[in-house]
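Here's a quick briefing to read alongside the model. Have the sequence and the 3D view open as you go.

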Amino acid sequence: MLHIGDLIQETFARSVSIAMTAIFVENILFTRALGVSATLFVLRKDHDRRLFCLVLTFISAVSCCLAALYSKALGRLSFGYYLRLPAYVLTVGLVYIAVLLITSKLPARHAGRLKPMIHLAAFNSAIIGGLLLAGSRTYDFWGYLAFGLGTGIGYAIASYLMSLGYERLQSDRIPEAFRGFPAMLIYTGILSLAFYGLIGHGLSV
């Protein structure tokens, strides 16, 4: 029988493992690059990007925690698979409304800065993508929480790498035909393959 200390240590180790999976292996940003890269281009300033990543991480973590409360009951239904996406969309919508209501209580200066980021974060494909990936596994509450946090942290790391690439891919040394968006697609593809390689899949023969 496990002692409480061993149980806490095992839960913590599992949570860290799940978070690392969400950050590095699932490749949440790069596998959906076309859907989210526009957000990163809007948030060119470093402090805006960091704040946006914090907002996205919070919404992702809270949404995953709420999804954990009904995921097992949903899985027991014969038609539960078809209800997952509507349930996740409804969950994110409720979190979005709650965060907006909380933000509206802040001073106008802070609320005005946060509200556009809340809109972009809540309707970001990384949120729904993280929920769908977490829901496809048999995680407990702490696993969902770790996955939600990992999604946000992974997004922050990926957005930093994307921003570094964007700055360098505007160089005059790049042929004009490839400069900007085409070069960005190639850069994203290379990063995506590099992250995908962490899973350990071999090439098909």
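Leu83 counts as partly exposed at 33% relative accessibility, where buried means under 20% relative accessible area, exposed over 50% and partly exposed in between (1.4 Å probe, protein chains only). Bear in mind that this is a predicted model: local features need pLDDT of at least 70, side-chain atom pairs count only at pLDDT 80 or more, and totals for chains, interfaces and linings use all residues. Residues are numbered from 1 along each chain as its sequence is written, and side-chain values use heavy atoms, with hydrogens and water left out.

**Around Leu83**
- Leu83 sits in helix H4; helices are DSSP runs of H or I with at least four residues, numbered from the N terminus.

- Beyond four places in sequence, Ile118 touches Val55, Ile59, Tyr96, Val99, Leu100 and Thr103, a contact being heavy atoms within 4.5 Å.

**Ser71**
- Ser71 belongs to helix H3 and is buried, with a relative accessible area of 8%.
- Leaving aside neighbours within four places in sequence, Ser71 is in contact with Arg84 and Tyr144.

Note on methods:
Helices (H or I, at least four residues) and strands (E, at least two) are DSSP runs, numbered from the N terminus.
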